[in-house]
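This report covers one residue and its surroundings, then the ligand site. The structure is shown first.

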Amino acid sequence: MNEAINHAGHLLHFDSALHWCFLIALFGFVVGGAWVVVRILIPLRHLARQASGIMQGELPRFDRRISGIGEIEQMRRSLNHMMGQVQAAQARELTYRNALTESQENERRRVARDIHDDTIQSLVLVSHHLELAARAAKAANQPGADHLDNARTQVVQTIEGLRQIIGDLRPSMLEELGLADALEALCDRHPKLCFAVQGAVCDIAPAQELALFRAAQEAIYNAEHHAQARQISARLIYTDSAVSLEVCDDGIGFAIPHHLQEFAVRGHYGLLGIRERIQHLGGQLQLFSTPAAGTRLMVTVPLSQKALAAA
Ligand SMILES: Nc1ncnc2c1ncn2[C@@H]1O[C@H](COP(=O)(O)OP(=O)(O)OP(=O)(O)O)[C@@H](O)[C@H]1O
Ligand SMILES: [Mg+2]
């Protein structure tokens, strides 16, 4: 009888020990689980949320400290450092590209000056001599006067063509007449193009004028070469705070990539170049295009404080 009671007591003792073990294990499991959630999963989720912008091509900052295990915080610091470096590299590249644009403009000016001062002056002299020779041939009733006349006409046409090239390279009309007239002259050379000015014309910074003029050249070139458009229109819009240039066509349109850099990767730099130049001046490029329904490009630069004060 005593033995049976003893045996039952052992069993009871063993049972309650098992019970305690189970409770302790359960407690350990719950505490461990909570620790994993609080110290690993939640901080990782924070980090993943902060990093999600990278997928959209953004450069998010990882500057908020994340509580959690040290490795996650270390990962955040590394990502933050990496983003800082990428941003700095992008800023350096942008400065470099802006400097490149500026030196390109200087180079264009130099080439335009050379064509004007050397080539055109020489051709003017040639045309003058041809005219004299033709006159002399006619007076002496010699054959070949017509050929000399034709040669002179061709030289005059070549001079005209070179003057147009100079106008593209160095839009001197911009300096002489201002943006609106220079754009009108540019549009006059394109038969499909109609041009209009909206709002009260005011002076803007020369760099802004040049950027809008270059944007117009690129947009018109694109509309003529890629769009198969029947009609192209350009509008210069002056408002109280900004100047915009809009170029629309009724052509085939195109799929605008999420990032214009995608065009650059494929060797197309025109639109990206416009955007960078305009952004450098505090403005923006907007592009709307629908396949088979045409394209609308709009660049806007803010009026400078000086222009606003004078308005
Ligand atoms: N108005 C438009 N209509 C239809 N497609 C266009 C138009 N403008 C641009 N595109 C498309 O967008 C692409 C990129 O244009 P972007 O001006 O950047 O480069 P590009 O004209 O091809 O070359 P470039 O570097 O000489 O300018 C073009 O190749 C063309 O496919
Ligand atoms: Mg182009």
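Helix α6 contains Gln217. In this predicted model, Gln217 has a relative accessible area of 18%. Gln217 therefore counts as buried, since the cut-off is under 20% relative accessible area.

The side chain of Gln217 makes a polar contact of 2.8 Å with the side chain of Arg214. When neighbours within four places in sequence are set aside, Gln217 is in contact with Asp168 and Leu186.

## Residues around ligand 1

The shell around ligand 1 holds 14 residues, of which Glu218, Asn222, His226, His268 and Tyr269 come nearest. By residue class, the shell is made up of 6 nonpolar, 6 polar and 2 charged residues.

## Polar atom pairs and cover

Asn222 places a polar side-chain atom 2.8 Å from an oxygen atom of ligand 1. For Asp249, a polar side-chain atom is 2.9 Å from a nitrogen atom of ligand 1. Gly270 takes part through its backbone: an N or O atom there lies 3.3 Å from an oxygen atom of ligand 1.

On its own, ligand 1 has 600 Å² of accessible area, and the protein covers 80% of this. Two or more residues of the shell are given by each of the elements α6 (206-226) and α8 (270-280). Helix α6, which also holds Gln217, supplies the largest share of the shell around ligand 1, with 4 residues.

Notes: Residues are numbered from 1 along each chain as its sequence is written. Chains are lettered from A and ligands numbered from 1 in the order in which they are written. This is a predicted model: local features need pLDDT of at least 70, side-chain atom pairs count only at pLDDT 80 or more; totals for chains, interfaces and linings use all residues. Side-chain values use heavy atoms; hydrogens and water are left out. A residue is near a molecule or strand if one of its heavy atoms lies within 4 Å of it. A polar contact is a pair of N or O atoms within 3.5 Å; within protein, one must be able to donate a hydrogen and the other to accept it, and residues adjacent in sequence count only if both atoms are side-chain atoms. Accessible areas come from the Shrake-Rupley method with a 1.4 Å probe; for residues, only the protein chains shown count as cover. Ala, Val, Leu, Ile, Met, Phe, Trp, Tyr, Cys and Pro count as nonpolar, Asp, Glu, Lys and Arg as charged, and the others, Gly among them, as polar. Buried means under 20% relative accessible area, exposed over 50%, partly exposed in between (1.4 Å probe, protein chains only). Contact means heavy atoms within 4.5 Å.
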